[in-house]
Structure formats: structure tokens, C-alpha cells
Amino acid sequence: MAKIIIVDDISDIATLLAEVLKDDGLDAVPIVGGAKAIEWIWEIAEKPDLMIVNLDMPPYDALEIIKQARDRFGSDMPAIITSGGFIKHNEEKCRTVTPYLIQLPITGLDFRKFVHEVLRKTQSTPTPIPA
């Protein structure tokens, strides 16, 4: 089962996205806020299969969180950046960190399909893509 960390500064969003993925049998863990994500990165020894991180969460942004996670877990750790409004303005900068970007809002089905597609591309034992 793939372990996915979901980081957002809005608790309801992190929890909702985690629940959507848990319905597919994935081990999805919500983390609220950039500071908590940085704390988690340096205190947990287990590398996640994927991190899904909201772009703007002062005092840290997704780019810094992903950089620190890759410093800790390895540069091959895949990540998705989400945003409710800033991806278009920061797309070039985001793509220096990951090719996987999600503009919110997104339907639950489209979110699930996107996550499973990323897992399929980045894991040696991929998960099936939901219908």
C-alpha cells in the first residue's frame, strides 16, 4: 500500500484529500501547515511514496517543503504541488521541482486518477487507476 503525505494549511482540505485516497486503499496521512510538515520530515524515518503539498503555506511554501523532504528521503521522492489560485502564476518555478501540478478545485475522481497516474509512473509496483 502506497504511503502518501498530504500537506495543506487548511485542515478540511488536507483531511478531505486524504479521505478520498483512503477510499482507494491508500495510506494517506494529512498534515496541516508547512511548519508541521517540516517537523514531520525530520522526525519520521519512513520515506513516503508520494507527497502532495499545497503551494503557499507561510512560513514555508511547497518548494521548500519538497526540497527538505528530498534532502531527507532522497531526490527521487515524487511530489505533487496543489494550489487554489497561484499555479498559473508560478508554474515555471513549480516545474523546477516537479512536473506534477494540480489546480484546485478538482473533482474527487479527477484527483484520484491523477494521484494514481503519478504513482503508476513513479513506483515499481504501481496501484491500479480508478475507473
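Where does Pro59 lie? In this predicted model, Pro59 is in the loop between strand E4 (56-57) and strand E5 (60-61). The legends below begin with that loop.

**View 1. The cis peptide bond between Pro58 and Pro59.** Pro58 and Pro59 are joined by a peptide bond in the cis form, with omega about 10°. Pro59 belongs to the loop that runs between E4 and E5.

**View 2. The cis peptide bond from Leu104 to Pro105.** Omega for this bond is near 0°. Pro105 sits in the loop between strand E7 (100-103) and H5, a helix that spans residues 108-122.

**View 3. The largest nonpolar core and Val7.** The largest nonpolar core of the model contains 23 residues. Val7, Ile41, Met51, Val53, Ile65, Ile66 and Ile81 are those with the most contacts inside this core. At least two core residues are supplied by each of strand E1 (3-8), helix H2 (34-43), strand E3 (50-54), helix H3 (62-73) and strand E6 (79-83). H3 gives the largest share, six residues. Leaving aside residues up to four places away in sequence, Val7 touches Ile31, Gly33, Ala37, Met51, Ile52, Val53, Asn54, Met57 and Ile65.

**View 4. A second core of 19 residues.**

**View 5. Packing of helix H1 (residues 11-22) with H5.** The two helices pack at an angle of about 70°, and their axes are 10 Å apart. H1 therefore counts as roughly perpendicular to H5, a term that covers angles of 65 to 115 degrees. H1 passes H5 in a right-handed crossing. On the H1 side, the contact is made by Leu17, Val20 and Leu21. On the H5 side, Gly108, Phe111, Arg112 and Val115 take part. The residues of this contact comprise five nonpolar, one polar and one charged.

**View 6. Lys113 in helix H5.** Lys113 has a relative accessible area of 34%. In sequence, Lys113 and Asp9 are 104 residues apart. In space, the C-alpha atoms of Lys113 and Asp9 are 23 Å apart.

Note on methods: Residues numbered from 1 in each chain as written. Predicted model: local features only at pLDDT ≥ 70, side-chain atom pairs only at ≥ 80, totals over all residues. Heavy atoms only, no water. Core = buried A, V, L, I, M, F, W, Y, C linked by side-chain atoms within 4.5 Å. Buried < 20%, exposed > 50% of the residue type's maximum accessible area, 1.4 Å probe, protein only. Helix = DSSP H or I, 4+ residues; strand = E, 2+ residues; numbered from the N terminus. Contact = heavy atoms within 4.5 Å. Axes fitted to C-alpha atoms, helices over the stretch in contact; angles between N-to-C directions. Parallel < 35°, antiparallel > 145°, perpendicular 65-115°, else oblique. Left-handed = near helix turned anticlockwise from the far one by under 90°. Nonpolar A, V, L, I, M, F, W, Y, C, P; charged D, E, K, R; others polar.
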